[in-house]
Amino acid sequence: MTPAIDLISDTSTRPSAEMLAAMSRAPVGDEQLGEDPTTQALQDRVAELLGMEAALFLPSGTMCNLIAFLVHCRSGDEIITADTAHVFGSEGAGASAFAGAQFRPIPSPDGIFSGLQLEAAIRAPRYRSPRSRVVSVEQTSNRGGGSVWPLTSLWEIATVGQGHGLAVHMDGARLPNAAVASGHAMAEHTRGFDSAWIDLSKGLGCPVGGVLAGSAAFIEEAWYWKHRLGGAMRQSGVLAAAGLYALENNLERLAEDHHNARLFGSLLAGIDGLTVFPENIETNIVFLDLTESAVDAHEVSKHLAAEGIRLGVEGSRRMRAVTHLDVSRADVERAGTVLARILRDQAAAA
Ligand SMILES: *Cc1c(COP(=O)(O)O)cnc(C)c1O
């Protein structure tokens with residue numbers, strides 16, 4: 001049973017009745033024979049939205065990243081990314097395990113790094129050095145508190161990366177959030193990138209799926225890996241229909257999630273010992289840091305559970321709240337108010 005107000009992640013959304021209806025109506029065929037019209041339509045739509053030649057529907061965002069690295073890298077190559085990146089810390093070291101590539105993390109609390117930092121991390125070609133092969137950016141940065149890379153920063157990374165012969169990759173799990181928050185189309189964000197993907201199962205509210213995009217040659221190669229990894233499906237149009245529905249109906253409304261995250265943060269302002277991160281909430285992710293507090297996150301979580309509210313707990317001093325389409329403004333207002341009360345009560349009792 002999930003709690004009444006679940007802020008653990010934007011993955012906790014359930015497919016709506018309208019989305020399920022769209023899924024049940026979808027024309028389908030065998031994806032592997034190129035005969036599933038709904039999957040084709042989703043791939044075409046995402047390629048267009050990301051300004052790429054082609055796209056590929058995959059079961060998860062993790063597989064989008066893994067396949068991109070498998071296509072871009074050879075064994076012994078190096079992938080440069082932020083030390084807070086999902087690819088570095090939350091994907092079972094897939095690129096290392098399966099592509100034989102190692103990560104080179106750039107220290108970056110907000111998940112954003114500069115062209116200068118990238119340049120410093122790129123290794124000069126030497127027999128004894130790993131080959132710098134890929135730079136990977138995460139838009140928005142999850143551990144960075146949903147921070148949005150400015151367009152100019154993205155373009156700088158693309159220019160520097162390509163200038164050094166690197167493949168330039170975007171983990172765009174929440175690129176739709178970045179597009180809505182910045183007011184710039186997704187294709188603007190991915191300009192100059194060799195590969196990029198969006199997750200359907202985060203803020204867009206689908207039960208499953210990610211779509212990876214790039215050049216026609218890149219996607220051709222990605223197909224081999226999709227089969228090899230067991231990611232090729234059959235009547236995947238049932239799932240792709242959810243994606244098409246979401247891109248049509250759930251994209252612009254991400255702005256509500258961003259408003260709600262800011263509301264949540266504002267309800268927690270001025271509580272002793274609590275630091276809300278980021279200071280300027282740009283999208284749908286809010287971290288609570290209790291390092292300066294006497295309060296334990298697990299204790300707070302228990303009290304929240306008794307009120308039907310759930311946040312993510314990351315150790316005894318850190319919590320995360322993510323807003324999404326299954327939590328209303330009233331839900332968020334209640335969660336923020338109750339949490340503020342619990343934090344004050346706990347601090348007083350400590
Ligand atoms: C969730 C997430 C992923 C992985 O996506 P899944 O669909 O859960 O496999 C990758 N990168 C970031 C930044 C994410 O938040």
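How many residues surround the ligand, and which are the closest?

1. The count is 15 residues around the ligand, and the closest are Gly61, Thr62, Asp171, Asp199 and Lys202. A residue belongs here if one of its heavy atoms lies within 4 Å of the molecule. Before you read on: this is a predicted model, where local features need pLDDT of at least 70 and side-chain atom pairs count only at pLDDT 80 or more, while totals for chains, interfaces and linings use all residues. Residues are numbered from 1 along each chain as its sequence is written, and side-chain values use heavy atoms, with hydrogens and water left out.

2. Now the polar contacts (pairs of N or O atoms within 3.5 Å). Gly61 brings a polar backbone atom 2.9 Å from an oxygen atom of the ligand. Thr62 uses a polar side-chain atom, 2.7 Å from a ligand oxygen. For Asp199, an N or O atom of the side chain is 2.7 Å from an oxygen atom of the ligand. On its own the ligand exposes 380 Å², and the protein buries 87% of that (accessible areas by the Shrake-Rupley method with a 1.4 Å probe).

3. Where does the shell come from? Helix 3 (61–72) and strand 7 (195–199) are the elements that give two or more residues, and helix 3 gives the most, with three. Elements are DSSP runs numbered from the N terminus: helices are H or I of at least four residues, strands E of at least two. By class, the shell has two nonpolar, seven polar and six charged residues; Asp, Glu, Lys and Arg count as charged, Ala, Val, Leu, Ile, Met, Phe, Trp, Tyr, Cys and Pro as nonpolar, and the others, Gly among them, as polar.

4. Two strands pair if DSSP finds at least two bridges between them. Strand 3 (77–82) and strand 5 (131–138) run parallel over four bridges, with Glu78 partnered by Ser132.

5. There's also an open sheet of four strands, antiparallel, in the order 9-10-13-12. Strand 9 (275–277) and strand 12 (312–313) are its edges. Strand 9 pairs with strand 10 (285–289) over three bridges, and Val276 stands opposite Leu288.

Note on methods. Polar contact = N/O pair within 3.5 Å; in protein donor to acceptor, adjacent residues only side chain to side chain.
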